[in-house]
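Student: Could you walk me through how to read an interface and a few side-chain features?
Tutor: Gladly; let us look at the structure together.

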There are 2 protein chains.
Amino acid sequence: MRDVFNLEADRVPTHWYNILADLPFEVPVPRPASSRNGAGSNGANGGAANGSDADGGQAMLQPQLPLSMYKQSIGRTRYVEIPEPVRAEYQRWRPTPLYRASRLEKALDTPAHIYYKYEGTSPSGSHKINTALAQAYYYSRSGVKEMVTGTGAGQWGSALSMACHPYDMACTVFMVRSSYEQKPYRGTLMRLNGARVITSPSEETEVGRAALRADPDHPGSLGIANAEAIEYANARKGARFSIGSGENHVLLHQTVIGEEALLQMKLAGEFPDVVIGAMGAGSNFAGITFPFYREALTENPATRFLAVEPDACPKMTRGSYLMDHTDYSGVTPVVKMYTLGHRFTAYHIHAGGLRYHGAAPIVSAMYDNDLVEAISYGQNRVLESGAAFAKAEGLVPAPESAHAVTAAIEEAVKAREEKTERVILFGLSGHGLLDLSAYESYMAGNLVDVVPTDEEIQASLRPLIESS
Amino acid sequence: MRDVFNLEADRVPTHWYNILADLPFEVPVPRPASSRNGAGSNGANGGAANGSDADGGQAMLQPQLPLSMYKQSIGRTRYVEIPEPVRAEYQRWRPTPLYRASRLEKALDTPAHIYYKYEGTSPSGSHKINTALAQAYYYSRSGVKEMVTGTGAGQWGSALSMACHPYDMACTVFMVRSSYEQKPYRGTLMRLNGARVITSPSEETEVGRAALRADPDHPGSLGIANAEAIEYANARKGARFSIGSGENHVLLHQTVIGEEALLQMKLAGEFPDVVIGAMGAGSNFAGITFPFYREALTENPATRFLAVEPDACPKMTRGSYLMDHTDYSGVTPVVKMYTLGHRFTAYHIHAGGLRYHGAAPIVSAMYDNDLVEAISYGQNRVLESGAAFAKAEGLVPAPESAHAVTAAIEEAVKAREEKTERVILFGLSGHGLLDLSAYESYMAGNLVDVVPTDEEIQASLRPLIESS
C-alpha cells in the first residue's frame with residue numbers, strides 16, 4: 001500500500017477552475033454599499049470608512065481590483081489560464097503532496113479510506129499563498145508598487161509579504177495588536193520577508209488615531225486593521241489594498257489545490273464519497289472541493305461536500321442568508337451570503353482564521369441550494385482531533401485545518417459503526433508549527449469552548465434584517 | 001530559467017553511500033573508554049556515568065547499537081541498501097527540493113550560480129529525521145520497544161519522536177531544562193508526537209537527582225540529559241539509548257540528501273565548484289557533501305567541500321585532532337576527532353545544534369587530509385545572512401543552516417569580485433519557524449557574538465593532551 005501520491009512539477013495545473021460555469025443557478029453579485037448598510041459603523045472605526053462610504057462602496061473598492069483579475073471571477077468561462085510567471089512560482093513547491101492517512105485509519109480501526117491534501121509545504125505554511133502570488137502578479141502588472149493589507153492571526157499577511165518579492169513590490173501589513181502580542185513570531189516572519197508591519201490601531205491613519213484616542217491601550221480588531229489598510233492605501237500613490245478571503249477571484253485561485261488532488265486521487269484509484277474543508281471565508285474550502293464538484297457530476301454524483309466551522313463562529317450552521325458587507329467597517333460592497341452580521345465579533349479561539357463573520361458568496365449559494373453541507377465543532381474537540389492526527393501521521397495541523405480533521409475522523413467513525421467503506425478526502429490547509437501554544441493549552445486542559453448565544457447572533461443580525 | 005529541480009518519488013535513493021569505500025586512508029575506529037579518559041568527570045554528571053565507565057565504554061555502549069546497523073558503518077561496502085520500509089517512509093516527503101537561489105544571486109549581483117538543497121519540508125522540519133527513521137527501523141527489528149535520548153535545542157528529539165510511530169515504539173526524551181523553558185514548543189511538538197518529555201535534570205535518574213541535590217534550580221546540560229537517558233535506558237527492559245550526531249552510521253543515513261542533490265544538479269546541468277554545509281557534529285555536512293566527493297573524483301576534481309561552524313564552537317578551525325569522548329560525561333568510547341574537549345561548554349548561541357564539541361571521525365579525518373575546508377562565523381553575521389536569504393528566497397533558514405547560507409554568500413561575493421563564474425551548492429538543513437526568536441533578537445540588535453578565548457580552549461584540551 002502506498003501512502004503518498006506525488007505529482008511531477010509539470011503537473012501543476014495550467015488553469016484555475018471557475019465553478020460559476022457549472023453551477024445550475026446564478027450567484028448573486030455584489031452591489032454598491034448604501035449609506036444605510038454602513039449604519040452602525042461608528043466610533044473608532046467610523047472615520048475614514050464612513051467618509052468613503054458616502055462615495056458608494058463600488059466606486060471606492062472595485063477599481064482597486066485589477067480589471068483582468070476581476071473579470072475572470074465574474075464570467076462563466078470554465079477554465080482561466082494561470083499566467084506563466086504565477087505557475088512558475090507555484091512550481092517552487094507545488095504540486096503539494098496528497099497522503100493516505102493509513103496510520104490514522106489503523107488508530108481508528110475504520111474501514112474508511114482517509115486521504116488528505118497537504119498545503120503546509122508552501123513557503124508561507126498554508127494555502128494562502130496560492131492567491132497571494134496571483135494577486136501580486138495582477139496588481140504588479142497593473143502598475144501597483146505597494147500592497148497593503150490587514151491581518152489578524154497573520155497567515156494572510158505572511159503569504160502576501162512573501163508574494164510581493166518576485167514582483168519587487170513593497171508590502172505593508174496592519175496586524176491586530178492583540179494578535180501581534182500573542183503571536184509575535186508571525187510579525188517577525190513578515191518583517192523577515194521584507195514587509196513593514198504596523199500594529200493596529202496605529203498613529204499612521206485617522207482610523208487608528210481615533211481608536212487610540214478612545215483607548216490608548218486599544219487591542220485592535222481585524223475590522224480596524226483592514227480599515228487602516230484601506231485608508232493607508234488610498235492615501236499612497238501606487239498602493240492598493242488587497243484581501244485574501246471569500247471573494248470570487250480568491251476562490252478561483254485556490255482551485256489549484258483540488259485540481260492536483262483530482263489527479264492524485266486518480267493515482268490512488270479512488271473517488272471521494274465526501275470532501276471536507278475547514279471554513280473561514282471559504283477559500284480553503286473552495287480550493288479543495290470545487291474541482292471535485294465538477295468531476296462528481298459524472299464520476300460520483302453522490303459525493304458530499306462538507307464545510308467545517310468553529311462553534312464560536314457558526315455563520316453557516318446558525319447564520320442567515322442576507323445581503324451584508326464583507327468587512328467590519330462597512331466600506332465594502334454588500335453581497336448575499338450566510339452571515340452572522342459584519343459587526344459580529346467571535347469569541348477568541350486559536351483558529352483565528354475561521355473567525356470571519358460570513359461565508360463566500362459562491363459557497364453560500366451552494367449551501368442554500370443544498371450542494372454543500374456544514375457542521376461545527378468546539379475547539380477542545382478540534383484540538384483533540386488535531387493531536388490525534390499529529391500522533392498518527394507525524395504532521396501537526398493548524399488549528400483551522402484541525403476542524404477538517406475532526407470531521408474526517410467523525411466520518412471515519414461513522415463508517416466503522418455502519419460497517420461501510422467510505423472514501424474521505426480532506427484539505428489540510430496548513431501546518432501548526434506557529435500555533436503550538438494552542439496545543440499546549442489543549443494538553444494542559446486550559447482551553448475554553450466558547451459559543452455565542454442565540455440572542456447574541458440575533459442582535460448582530462438585526463440591523464441587517466431591518467435594512468433589507 | 002528554472003529555479004526548482006524536483007525529482008519523482010521513485011527517485012528516492014535505494015542506497016546510502018558509505019564514503020569509507022572511497023577515502024584514500026583509514027579512518028581511526030573508536031576504542032573503549034579507559035577510566036583515565038573519564039578523569040574530570042565528576043560532580044553532578046559523575047554518578048552513573050563513572051560507574052558505567054568502569055565496565056569500559058565499549059562493553060557498555062556498543063551492544064546498544066543493532067549489529068546490522070553497526071556493521072554497515074564500519075565496513076568498506078560502497079553502497080548500503082536502504083531497507084524498503086525506511087525508503088517508504090522517506091517517500092512520504094522525499095525527494096526534497098533543490099532550488100536555484102536566483103533571487104539571491106540577483107540581490108548579490110553575482111555571476112555565481114547558487115543552489116540549495118532544502119530539508120525543511122520533512123515532517124520534523126530538518127534533516128535529522130533521515131537517520132531517526134533508519135535507527136528506529138533497525139532498533140525495532142532488534143526487538144527494542146522504547147527509544148530513549150537526550151536533546152538540547154530539540155531538533156533531534158522531535159525527529160526521533162516522529163520516527164518511533166511507524167514501529168509502535170515508545171519514545172522518551174530528556175530535554176535540557178533551560179532549552180525547554182526557552183523553546184517550550186519543541187517540547188509540545190514532541191509530546192504531540194507521542195513522546196514522553198522529561199526536563200533534565202530530573203528525579204527519574206541517579207544522575208538527575210545528584211544534579212538537583214547540588215542545585216535545585218539546575219539549568220541542565222546536554223551532557224546531563226544524555227547521561228540521564230543512558231541510565232534510564234539501561235534500567236528498562238527493551239529500551240535503548242540512541243543518538244543522531246556524528247557517528248558513522250548517522251552520516252551514512254544522511255547521504256540520501258547528497259544522492260538526490262547529485263541527480264538534481266544533473267537536471268540543472270551543472271556540477272558544483274564548492275559544496276557547503278553547516279557543521280555541528282557533521283551529519284548534515286556529510287549528507288550534502290559525501291556523494292559529491294565521490295562524483296567529483298571524476299566530474300570535477302577541483303570541487304571544494306566547506307564545513308561552516310560557529311565562532312562560539314570552533315572545533316575544526318581552532319580545535320585539535322585528538323582521541324576524545326563523543327559525550328560530556330565520558331562514558332562513550334573514545335574516537336579520534338577534531339575537538340575542543342568533551343568538557344568544552346560553548347557559550348549560548350541560537351544555533352544550538354552546532355554547539356557540539358567535536359567533529360565526526362570521518363569528517364575529521366578528511367579535514368586532516370585536506371579533503372575538507374572549514375570556516376567559522378559569528379552569530380550576528382550568520383543571522384544577517386539568514387535574514388537576507390529569507391527576504392530574497394521566501395524561506396527562513398534555521399540558525400544552524402544560516403551558517404551555510406553565510407558561506408555561500410561569501411563565495412558568491414568573491415566570485416563577483418574576481419569576476420569568475422562559480423557554481424555553489426549548499427545544504428539548507430532545516431526551516432527556522434521554531435527559531436524566529438533568534439531573528440527577532442538579531443533585528444532588535446540584541447545578539448551578542450561570543451567567542452571562546454585561546455586560554456579557554458587550551459584549558460579544555462589540556463586533560464586530553466595529558467592523557468594521550
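**Reading the interface and its surroundings**

Tutor: The contact (heavy atoms within 4.5 Å) takes 42 residues from chain A and 42 residues from chain B. This is a predicted model, in which local features need pLDDT of at least 70 and side-chain atom pairs count only at pLDDT 80 or more, while totals for chains, interfaces and linings use all residues. Residues are numbered from 1 along each chain as its sequence is written, chains are lettered from A and ligands numbered from 1 in the order in which they are written, and side-chain values use heavy atoms, with hydrogens and water left out.

Student: How much area is buried between chain A and chain B?

Tutor: The size of an interface is often given as the accessible area lost when the parts come together. Buried area is that loss with a 1.4 Å probe, summed over both parts. Here the value is about 3600 Å², and carbon and sulfur atoms give 58% of that. On the chain A side, Arg92(A), Arg103(A) and Leu192(A) lose the most area to chain B, together 22% of what that side buries.

Student: How many salt bridges does the rule find across the interface?

Tutor: A salt bridge needs a side-chain nitrogen of Lys or Arg within 4 Å of a carboxyl oxygen of Asp or Glu. The rule finds 10 across the interface of chain A and chain B. One of the salt bridges joins the side chains of Glu393(A) and Arg92(B), at 3.1 Å, N to O.

Student: Which elements give two or more residues to the side of chain A that touches chain B?

Tutor: Helices are DSSP runs (H or I, at least four residues), numbered from the N terminus. In chain A, the elements are helix 5 (102-108), helix 9 (184-192), helix 16 (379-393) and helix 18 (436-443).

Student: Gln379(A) lies in helix 16 of chain A. Is Gln379(A) buried or exposed?

Tutor: Buried means under 20% relative accessible area and exposed over 50%, with partly exposed in between (1.4 Å probe, protein chains only). Gln379(A) counts as buried because its relative accessibility is 10%. Leaving aside neighbours within four places in sequence, the contacts of Gln379(A) include His348(A), Leu447(A) and Asp449(A).

Student: What about aromatic pairs?

Tutor: Rings of Phe, Tyr and Trp (its six-membered ring) pair if their centres lie within 6.5 Å; planes under 30 degrees apart count as stacked, over 60 as edge-to-face and the rest as tilted. The count comes to 30 aromatic pairs over all chains. Among them, Tyr137(B) and Tyr138(B) are edge-to-face, 5.2 Å centre to centre with 75 degrees between the planes.

Note on methods:
Buried area is the accessible area (1.4 Å probe) that two parts lose on being put together, summed over both.
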